[in-house]
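Please keep the sequence and the structure in view while reading.

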Amino acid sequence: MPAKGIGARRKTLLLVTALVAAVLIAVSLAILLSLLLRSAPDNGNAGVEDKSNYRLPTDVKPVSYALTLAPFIYSNIRDDCYFTGSVSIAVEAVNDTDMLRLHSVRLEVPTVRVRNSTGGDVSVEKIEENVEKQWLTIKLGEPLRAGETYTVLIDRFKGKFVKNGKTGLYLSSSYSENSTEYYLVSSQLEPTHAREVFPCFDEPAMKAEFNVSLVRGREFTALSNMPIKSSSLVSGNTWFPNSAEPKAVMKDDFKTTPTMSTYTLAFLVAKFQSISLTDSKGRVFTNWLPPELVQKSNFTLSLAAKAIGAFEELLNVTYKMNITKQAGVPLFHFAAMENWGLIIYQQNILVYDENTTTTKSKLSNALTVSHEIAHQWFGNLVTMKWWSEIWLIEAFSIFYSYLGLDLWGSESDLDSHFVVDQKYKHVMNLERKRYKVHPIQMNVSTPTEIDGLFDYIVYYKGGSVVRMMHNSIGARVFGAAVSSYIRKHSYSNAGSEDFYSSLNEQLRIHKQSLDAKTVMSSWVKQVGYPLVTCSMENGSLLLRQQDIVSLSHKEKSNLTWSIPITAMTNLNHTGWSRSEVAHLVHWMRGETLRLPLDSSTDWYLINLRSSGHYQVNYDRQNWDRLAAQLTTDHTVFTPADRASLIYDSFTLASLGIIDYSVPLKIVTGYLENETEFAPWAVFWSNLKKMTSSVLPVKTVKRIAKKVFNYVTTVTPKASPLVGMLAELTARETCDRDFTYCINFAKDECNKCKVRNSTCLKNPDISEDITGYKCKTGK
Ligand SMILES: [Zn+2]
């Protein structure tokens, strides 16, 4: 909206100003002359504005902010709620400029004052708002000088809470201890919503320190990124001039943040309660939730502390925040947001109840916590230079969330969960259909384009590509590169090139001849992924890559990728480590690759542990031999390998590339002896796409009987993946009304009716078996 009170000047300085006016005029003329003689500056300083440019000019950079926010949430009428605030921004002029440009959206900005380093006013000629570009442009009467520092003061700006808004500073409601409903405010500033809360330089590379103050009613708690430094009682009228209540309010001043981006700031004013723990290094972790939920959040509280320790070890970079808070709010746009020092979640994610939370939810919530903790390094400490490269924080956090969980004691093969849940389900199935495909890294400019990057491609395909690189060059080399990259760019910003350069440094040290940029660019800048087709030719193995997306759509494509090929055969399968495949990698850089193969080889398997982001097709003889090996002893393959054999064979059959008899031979020959989650997850999800004429229901019933018996007798929650398998098996067999499931459900229902206390207490199967079947009376 248009600004009022343009050109405000401090009256107290009028005399001084008059005295030095002549000098200033002379200086101004000199500067004006020098500006005219220089070439036209970019980024909108020029007379003709570039319509496609949404970036701020870099003539000034923010150094620190003093920000006070005062949300008025004390009315019973929603529309009467609003927030006011004041911000003072210390900036440094990088170039001479007579224009200041910040971001601001839907804020009433009555005045803007600019002062030089000695406290003198710099005259403000005009304030312009550009609604489309979300800019507040301040035209100055005199130029700012390169190398000088200035303060931009914006007092008493005001904002409304957007109806049903979930970005910026937004309103929701919860219940206090005495069960009365009240309004609370929380924030979500990523990617471009800080500008909805206060005028600021809202770009990830425009980092600064923040001194935040929050004004709150006395019965409320205020939280921000840092711990509270001091609190004082202030007059409510100062901040809420038109509101009768409250008369007196508290103002909490928080400690100065580290140098950080605007998008990881956080604000919360609510009637929450907390639980805390202190780790071995004396750091305090606190969960903040509504009173009735907070005691159920011990699991996620200790998980956060453990994950911090795990990542410190993995990344070899100390976590320096002394107090870390997690808050669960009733209304949240995403699952969670990693704000530095105050991670905000949807409140159900922080809550865990042993009797009702399924393993699936527990694992998913744990991965969310681990993901947000990983962001404390990937994003908060080292931030991408611009949103185009957001994969540097999201893809890494997706992949590292699994590593973080593995380190806190789980013996489970969570990596196989990554393969089926993140890679197959969330990426490859969608990429083959060309569902909203785009490269992992792509140019974006407008807020809408930036929002579009928070999708499955950046998160899950990015995560899968990061995992592929990690597995291909080895955990030690990859870990050293990531650690060096984080150390080099801490409290600053970095781009893909910076990561590739750290990676190349370590590759050279470890004598691997690989160019990280060439390899990664083929995955990060191209859409789709390859199918590697293998055949025996003249005593060696010939591999050929093709664009699977073009194959599935029967189109021509010249795309090729740098593919890490790993192989094992019946002759060498006992010799390799299950956790590392790096020493087996052959890089396929062109359309084909030839590998030597012993003439006595019976079967061979490509893409071990499904490490690479590609699919594999074999000649019929090898498919049959792999199926025979699975029947004889499936444990020579890892669960991820078994899952990939089922996945590749079913999906290639569905595209008409191979015959359905291939996957059917695999599953009918071995699956009934399978007790791992990953192969079963792939089987059930592909079964949905098949008619019963391809795989008769009675065959499915036979195959699934053993695993049903296993999951209903195994110790509940033996491991995360056993719980996941139990939930999956119960749901799939009960949905198909298999008799062994119906009979089990009947028994359990009867037990519940007769002796309520002894009925099934395993949440993984109780909902699908006893809950569902008892309710429907079947
Ligand atoms: Zn994230």
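**Cores, cavities and selected residues**

The largest nonpolar core holds 235 residues, and Phe198, Phe267, Trp391 and Tyr400 are the ones that touch the most other members. Helix α7, which spans residues 391-407, supplies the largest share of this core, with eleven residues. The model is a predicted one.

**Nonpolar cores**

- Trp391 is one of the residues that touch the most other members of the largest core.
- Leaving aside residues up to four places away in sequence, Trp391 is in contact with Phe396, Ile440, Gln441, Val458, Val466, Ser496, Phe499, Tyr500, Met520 and Val524.

**The largest cavity**

- Three cavities of 30 Å³ or more are found when the whole structure is searched.
- The largest cavity contains about 100 Å³ of space.
- Its lining is formed by 14 residues, of which Arg106, Lys160, Val162, Leu169 and Glu196 are the closest to the centre of the cavity.
- Two or more lining residues come from each of the strands β9 (149-160) and β10 (168-175).
- Strand β10 gives the largest share of this lining, namely three residues.
- By class, the lining of the largest cavity comprises seven nonpolar, four polar and three charged residues.

**The second largest cavity**

- The volume of the second largest cavity is about 70 Å³.
- Which residues line the second largest cavity? They are Tyr54, His103, Lys133, Gln134, Thr192, Arg195, Glu203, Trp386, Ser445, Thr446, Pro447 and Ile450.
- This lining divides into four nonpolar, five polar and three charged residues.
- Domain 1 (55-270) and domain 3 (408-645) each contribute at least three residues to the lining of the second largest cavity.

**Thr729, a residue in a helix**

- Thr729 belongs to helix α20, which covers residues 720-735.
- Is Thr729 buried or exposed? Its relative accessibility is 0%, and therefore Thr729 counts as buried, since buried means under 20% relative accessible area.
- The contacts of Thr729, not counting residues up to four places away in sequence, are Val707, Phe708, Val711 and Cys734.

**Thr318, a residue in a loop**

- Thr318 is placed in the loop that runs between α4 (298-315) and β19 (323-329).
- Thr318 counts as exposed because its relative accessibility is 52%, and exposed means over 50%.
- When residues up to four places away in sequence are not counted, Thr318 touches Glu312 and Trp377.
- Ile308 is ten residues from Thr318 in sequence, and the two C-alpha atoms are 9.1 Å apart in space.

- The loop between α1 (14-37) and β1 (60-72) contains Arg55.
- Arg55 has a relative accessible area of 27%, so this residue is partly exposed.
- Along the chain, Arg55 and Trp386 are 331 residues apart, while their C-alpha atoms are separated by 10.0 Å.
- Trp386 is also one of the residues that line the second largest cavity.

Terms used. Residues numbered from 1 in each chain as written. Predicted model: local features only at pLDDT ≥ 70, side-chain atom pairs only at ≥ 80, totals over all residues. Heavy atoms only, no water. 1 Å grid on protein atoms, 1.4 Å probe; cavity = no way out; pocket = protein on both sides within 12 Å on 5 of 7 lines; lining within 4 Å. Points joined across faces, edges and corners; volume = space filled by probe spheres on them. Helix = DSSP H or I, 4+ residues; strand = E, 2+ residues; numbered from the N terminus. Nonpolar A, V, L, I, M, F, W, Y, C, P; charged D, E, K, R; others polar. Domains from an automatic or database assignment. Core = buried A, V, L, I, M, F, W, Y, C linked by side-chain atoms within 4.5 Å. Buried < 20%, exposed > 50% of the residue type's maximum accessible area, 1.4 Å probe, protein only. Contact = heavy atoms within 4.5 Å.
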